[in-house]
Amino acid sequence: MNLLFEEDGAFKTGTILTDNDASLQVETPHGKRLKLKSNHVLMRFAQPAAGELLDRAEAEAEGLDTEFLWEVCTDDEFGFADFARDYFGHEPSPVESAAVLLRLHAAPIYFHRKGRGRFRKAPPEILQAALAGLEKKRQQAAAIERMRDELLAGTLPDELKPLVRQLLYKPDRNRLETKALEAACADSGKSPARLLLACGALASSHELHFDRFLFEYFPDGTGFPCVDAPREPDDLPLADVRAFSIDDAATTEIDDAFSVTPVEGGWRIGIHIAAPGLGFGRDSELDAIARARLSTVYMPGNKITMLPDAIVERFTLAEGRDCPALSLYLEVSRDLVVTGHHSRVERVPIAANLRHHDIEPVFNETTLADGGPDFPWKSELTLLWELATVLEAGRGKPAANQNLVDYNFSVDWTETTADGPGRIEIGRRPRGSPLDKLVAELMIAANSTWGKALSEAGIPALYRAQTGGKVRMTTAAAPHEGLGVDCYAWSSSPLRRYVDLVNQWQLISWLQQSPPVFPSKSPELIAAMRDFELTYAAYAEFQRGMERYWCLRWLRQQGHPTMSARVLRESLVRLEEIPLIFKVPSMPTLPTGTRVQLAIDSTDLIDVDVRATYLETLAPGSGEPAPLDDELDAALPTDAAPPPAEAAEASPTA
């Protein structure tokens with residue numbers, strides 16, 4: 001005797017070896033023996049053979065119409081054998097009974113299972129809902145397949161066009177579009193970014209990286225809402241000075257300017273900081289905008305300003321205008337000793353906006369040594385540089401970055417290369433030039449002087465502190481060991497850093513003898529500090545990433561040339577011509593600072609990676625000094641070592 005039984009949700013057959021009423025010993029067609037409970041048996045039969053029943057039943061079941069079975073069965077619960085008897089109109093054969101069982105079991109939306117071999121027809125309304133769900137799934141599967149095929153053919157489906165950023169940066173795996181993209185990626189072996197770029201969803205690899213940053217930090221776009229124009233005080237005194245600024249050609253947020261006024265026994269040196277804090281205050285619309293952005297975002301060829309362009313234009317220290325400013329005046333003797341200082345809120349006449357590319361050819365270490373040619377502002381710049389050297393020596397941090405190099409990235413967006421819009425030029429500029437030192441030292445003087453003044457007045461402020469090599473933000477006037485000052489409050493860039501704007505409001509309160517905008521132990525002040533630290537670090541990381549990207553674009557423009565590099569440590573090198581750091585696995589172990597020649601094998605603009613092969617070791621460059629530790633540290637990624645504090649803290653663009 002054979003039997004049909006159910007085990008682990010599957011139908012199986014076997015031959016009875018021993019029948020003990022409550023249990024049976026069964027041998028399957030494959031020779032496996034097992035013990036089976038009697039209540040697991042669905043049907044006993046003598047013919048056909050156990051190994052033939054299911055095959056013949058499956059063939060028989062193909063001829064049974066599921067919808068017809070549902071229509072003719074009773075509304076009550078039933079067993080498959082009884083239903084087979086009613087359906088065929090005679091005592092069904094084992095094959096016929098098994099065929100009905102298989103068909104009922106295979107249609108769970110038509111027949112709800114109520115036990116082994118027992119079923120109940122689905123109510124009409126439930127059946128219709130289930131059939132509609134099946135049809136929806138069928139249509140969705142067809143849509144996924146169609147979109148996948150279009151992607152594989154290099155075409156971007158219409159459904160994906162408005163979702164490109166979400167698909168790349170925060171995919172919702174429940175969406176059909178995401179499933180289609182994942183299926184296409186699996187079939188093509190490409191990442192979503194590469195596949196979408198190949199389909200024209202992105203204009204270039206640059207858009208991929210830029211949009212990823214915007215998606216996270218500027219989800220509503222970089223535009224500004226309409227705001228009321230700020231109102232400046234109309235009773236500010238006019239300073240009796242001729243001030244000038246020093247910036248690179250691309251700077252539009254001119255925060256700082258200087259003036260030199262001869263007085264009896266020496267000079268009065270003015271450090272003038274743009275004062276947007278006079279035009280709008282805390283809890284204003286512009287404060288909300290600045291508080292949300294916290295800083296201007298810099299990157300090669302572009303920037304996202306903290307404040308709207310119209311506001312920047314109104315408060316920037318532009319040539320030919322009398323601009324509202326917060327001024328620090330240093331009383332300097334003829335032997336360049338600072339004998340006193342005072343601060344004022346005023347309007348400052350800006351006589352000139354000097355630019356690095358115009359001034360550095362006639363004002364540099366060489367021209368300072370041999371006198372150089374005459375040019376406007378030469379005497380003022382020379383005096384400020386001499387004062388800067390004294391201030392630097394007074395801090396105990398002289399010439400800390402004389403061997404470092406800054407790189408200027410210039411993107412010409414009117415040109416298009418094979419990699420997309422934009423042609424990159426990367427220029428080298430020695431850090432620590434006389435102009436750099438002049439600006440940096442006067443900014444350090446202003447930020448440390450004002451920070452100390454606020455601390456002594458008991459007015460809360462946001463400080464940069466460094467102890468044990470770690471730089472952090474704090475509300476306490478703690479020392480900054482890297483700069484060699486007792487305290488350091490960022491106050492010199494209120495057009496592009498929210499911390500500076502906060503400190504400016506506090507300084508204005510101090511000078512006007514009014515209650516501080518942020519009182520002592522203000523939770524809003526602490527929250528602003530914490531948010532700024534996180535956001536400022538993220539913006540800086542993005543800037544470094546985009547500079548690395550444009551370094552790869554530069555290599556591709558040059559046709560992947562052979563390049564010289566210097567060993568930083570182990571297999572890590574830095575190219576000499578551009579600030580690109582990467583590993584060269586094929587390079588032997590060489591001392592730090594060794595010059596090597598590399599073959600640039602390939603660059604990847606999606607992963608922002610470069611592959612190179614070691615060719616040979618080069619002799620040291622003519623007159624080239626051995627690399628200093630701080631130079632190597634400054635070249636390493638941020639998580640490896642920070643740049644020197646003077647550059648990071650005092651740079652006008654820091």
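How many of the eight residues of strand β20 (residues 562–569) are buried?

The model is predicted, so local features need pLDDT of at least 70 and side-chain atom pairs count only at pLDDT 80 or more, while totals for chains, interfaces and linings use all residues. Residues are numbered from 1 along each chain as its sequence is written, and side-chain values use heavy atoms, with hydrogens and water left out.

**View 1. Burial of strand β20.** Six of the eight residues in β20 are buried, and the strand is mostly covered. Buried means under 20% relative accessible area, exposed over 50%, and partly exposed in between (1.4 Å probe, protein chains only). Strands (E, at least two residues) and helices (H or I, at least four) are DSSP runs, numbered from the N terminus.

**View 2. Pairing of β20 with β23.** Strand β23 (residues 595–604) runs antiparallel to β20, and five bridges join them. Two strands pair if DSSP finds at least two bridges between them. Thr 562 lies opposite Ala 599 of β23.

**View 3. The β20–β21 hairpin.** Four bridges connect β20 with strand β21 (residues 572–575) in the antiparallel sense. Arg 569 faces Leu 572 of β21. Two residues separate the strands of this hairpin, and Glu 570 in the turn has a positive phi of about 50°.

**View 4. The sheet of β6, β8 and β7.** This open sheet has three strands in the order β6-β8-β7, with antiparallel pairing. Its edge strands, β6 (78–79) and β7 (111–115), each pair on one side only. Two bridges join β6 to β8 (residues 118–121), and Gly 79 has Arg 118 in β8 as its bridge partner.
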